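Below is a short report on selected local features of a protein model.

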Amino acid sequence: MSSLATSESAEQAPSLPGQFRSNPSRKRPSGPGRSNASQSSPRRTRDNLNGWGFAAPFLAFFLVFLVWPLLYGLYMSLTGKSLTGANDSLIGLANYAEALADADMWHSLGNTLYFTVISTVPLVLVALVMAALVNVGLPAQWLWRLSYFAPYLLASTVVSLFFSWMYNPQLGLINDSLAKIGLPKVAWLNDPNVAMWAIVIATLWWTVGFNFLLYLAAMQNIPAQHYEAASLDGAGAWRQFFSITLPQLTPTTVMIVLLQILASLKIFDQVYQMTAGGPAGSTRPVVQYIFETGFTGYRLGYSAAISYIFFGLIVTVSVMQFFITRRRSA
Amino acid sequence: MSRRQLLAGTAALGSVFAAAGLTGCGGTASAAAVRDIAFWHLLSGGDGIKMQAMISAANGANLGFQVHPTVLAWGPPYYTKLAMASAGGRPPELAIMHASRVPGYAPGGLIDPWDMSLLAEHGVTAESFAPRIWDKSQHDGQVFSIALDSHPFVMFYNTEVAGKAGVLAANGQLQEVSSPQDFLAMAREMQKVTQAHGLSFGYLGSGSQMWRLFYTLYKQHGADMELTPGQPMKADRDAAVESLEFMASLLDDTVAAKSGDIGTGIAEFARGGSGMLFSGVWELPTFKKAELPVDAATIPTLYGTPASYADSHSFVLPRQLNVDDGKRRDVYKFVSDILKGSLSWAEAGHIPAYQPIVQSQAYRDLTPQIHYANAADIITYDPESWFSGSGSDWQTYFAENVQNVLLGRDKAADGWDAFVRRTNTLLSRPNPV
């Protein structure tokens, strides 16, 4: 967002780089003599210590809860470790070889990717449309903002229960409504062809509010002068939307898409609670497969190997996204 | 010196020390000697309330200990936490497990065997249990679980609907049927009365429900099923396919609803929308509360051999890093107290495992419990392996392959073969216990 702000709004631009430029000159002495340096050295040490002190709580958490598990998980993926404590000898890459030949792993990974694709598109587009609608300046804006964002505040269990009831084939609200307008009943969570879409609908309702807020904030940052100038030149509302709003939102869109892909890849809660991966395994995401092999199937080593394969996939997506973003902003 | 004397001695010594340690604080010796016993279980509904009452009664009757229950959600959450706590060395002193899950816990050393001589001190011996239940408590020649009950999958029926449909026998209970055709005919008679369905069977999305009925019917063929790691699954394909076909034939929207989950099935039966319900005995309190004219029986023998899927809530001893002898003794006392007080457990629908209760007049007076008490002689537990049993992923895999058969989308043979392939994959993988 900031890259666009600096290039477009010329009044604000110089102050930002200026601030940053002043920092290095203070930090690294280019001119001062020896005496000055020796005087400031204990202070710098104290500053450094203070800095580390402030960073320490975060660093401790980072090391204990991220770095250590990451390394330990990698080690575990090379062992036959079981939840029961049996057999934790090193077995090399056997787990990875088994995982790559495991049809269930590929199937669940495929489900995760499928969900990511079919959920990311509506989650971004619907958020954009909702933000545009609110930004047009409807009366009672707070009500729209609240109602669009409120579902995001609910716990996944609440959302899952809520939709499970609505999707109930016999007593559910949705099938009841369909029947009233003469449409056939749908086995929402029990038809392998429909279940994933049913979960996407629930997820969309639940989480689209977050993307909506990001879009709305970005839209409200677009200077009004642009629209004024455009309307003086005779551009209509659609023209303004496609030629001003959308291009101005590009950095936001890139960020939302990245965040959404990462969020969708991690899908687990709703599926576990609404279908437990069924019917016929058609909604089981890879995270659930990792959970099943490790915790209910006891095979921690094997499940760690699948986790690392999945981790590799997420890193790949993030790196790709990083390069795409960089090229755009360059 | 016998083990008993040794234990009695250490307990006495322990209380002397405890008393001595407290003299300076003005506390009473009896309060100091109270030992805290952690007890995990997975009973959260009506049975949870019964269990709490039984625990309170045992606590009240024993001044030496206080049992503190922790209730966890049934299924994977419970079994995962129990396995992790045991593997991590911080388990409770006592836990409840389904007997069918013990083969996944005993070989890995997550639970300790019971010392029957200690239990015998409280009058509980092998003879206290029905033979099938007692057999199930053994693993590799040792006793790993002490059953509190058996809870079979049974048939509830509405006596009012059955009476109007003319399918009651002279004794007021449901007529006996002995073939799939007769059963279907009886269900259709009931459907004419309710105008909705003859039978309720909620199964959608529930591997355990599908499995319970399937395995009952399968075992009625007199067929066996064996799961040996490293070998393909041994099962009678014809019996399996016939059972699945019969289940699918029930779900035709006349005999039973094609798309019903557990909740809708129970609700339908409870409001009189059907004449019969296939479900677990633990649903009984629900129907009593609804003041439904309900009776129950084991699922009719349709294929020659009486059989009924069941499991048992059983006490197990999660392995401790350091066994506290005093606490272990208390655990034995507590378990024997609960067994002896299990008449109230029977009120929740379960068949008590402790025979003196089953043979008591008070139990004989419980209806409809007494009408399915014969199930204890025909119950059949899941085939043994580390991955089978109540609430296991294996039952989920069954649902994944069979639900489409029941919905009429797949052929029974295809669904069964796919389940066998899935099972064989599990059997071919390294055994983690």
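## Strand 14 of chain B

Pro152(B) has Ala310(B) as its bridge partner in strand 14 of chain B. Helices (H or I, at least four residues) and strands (E, at least two) are DSSP runs, numbered from the N terminus. Strand 14 covers residues 308-311, and two bridges link it to strand 8 (residues 149-158) of chain B in the antiparallel sense. Two strands are taken to pair if DSSP finds at least two bridges between them. Strand 14 of chain B is also joined by two bridges to strand 17 (residues 379-380) of chain B, and these two run parallel. There, Tyr309(B) stands opposite Thr380(B) of strand 17.

Both faces of strand 14 of chain B are covered. Ser308(B) and Ala310(B) lie on one side, Tyr309(B) and Asp311(B) on the other, and all are buried. Buried means under 20% relative accessible area, exposed means over 50%, and partly exposed is in between (1.4 Å probe, protein chains only).

## Basis of the model

This is a predicted model: local features need pLDDT of at least 70, side-chain atom pairs count only at pLDDT 80 or more, and totals for chains, interfaces and linings use all residues. Residues are numbered from 1 along each chain as its sequence is written, chains are lettered from A and ligands numbered from 1 in the order in which they are written, and side-chain values use heavy atoms, with hydrogens and water left out.

Strand 3 (residues 94-98) of chain B is largely enclosed by the rest of the structure, because five of its five residues are buried. Leu94(B), Ile96(B) and His98(B) point one way from this strand, while Ala95(B) and Met97(B) point the other way.

Strand 3 of chain B pairs with strand 1 (residues 35-41) of chain B in the parallel sense over two bridges; the bridge partner of Trp40(B) in strand 3 is Ala95(B). With strand 15 (residues 313-318) of chain B, strand 3 pairs in the antiparallel sense over four bridges, and Met97(B) stands opposite Ser314(B) of strand 15.

His41(B) is another residue of strand 1 of chain B. His41(B) has a relative accessible area of 1%, so it is buried. His41(B) and Ser208(B) are 167 residues apart in sequence, and their C-alpha atoms are 19 Å apart in space.

## Aromatic pairs

Rings of Phe, Tyr and Trp (its six-membered ring) pair if their centres lie within 6.5 Å; planes under 30 degrees apart count as stacked, over 60 as edge-to-face and the rest as tilted. By this rule there are 52 aromatic pairs over all chains. In one of them, the rings of Tyr308(A) and Phe311(A) have centres 5.7 Å apart and planes at 70 degrees, so this pair is edge-to-face. Tyr308(A) and Phe311(A) are separated by about one helical turn, because they are three residues apart in helix 15 (residues 300-329) of chain A. Tyr308(A) counts as buried at 18% relative accessibility, and Phe311(A) as partly exposed at 37%.

The rings of Trp211(B) and Phe214(B) have centres 5.7 Å apart and planes at 40 degrees, so this pair is tilted. Trp211(B) and Phe214(B) are three residues apart in helix 9 (residues 207-220) of chain B, about one turn of the helix, and both are buried.

## Charges over rings

A charge sits over a ring if NZ of Lys or CZ of Arg is within 6 Å of the ring centre and within 35 degrees of the ring normal. Arg299(A) lies over the face of Tyr302(A), at 4.4 Å from the ring centre. In chain B, Arg101(B) lies over the face of Tyr79(B), at 4.2 Å from the ring centre.

## Backbone geometry in loops of chain B

The peptide bond from Thr367(B) to Pro368(B) is cis, with omega near 0 degrees. Pro368(B) is in the loop between helix 16 (361-364) and helix 17 (375-378) of chain B.

Gln195(B) is not a glycine, yet has a positive phi of about 65 degrees. Gln195(B) is in the loop between helix 8 (180-194) and strand 9 (199-200) of chain B, and is exposed at 63% relative accessible area. Glu291(B), also not a glycine, has a positive phi of about 55 degrees. Glu291(B) is in the loop between helix 12 (284-289) and strand 13 (294-298) of chain B, and counts as exposed at 71% relative accessibility.
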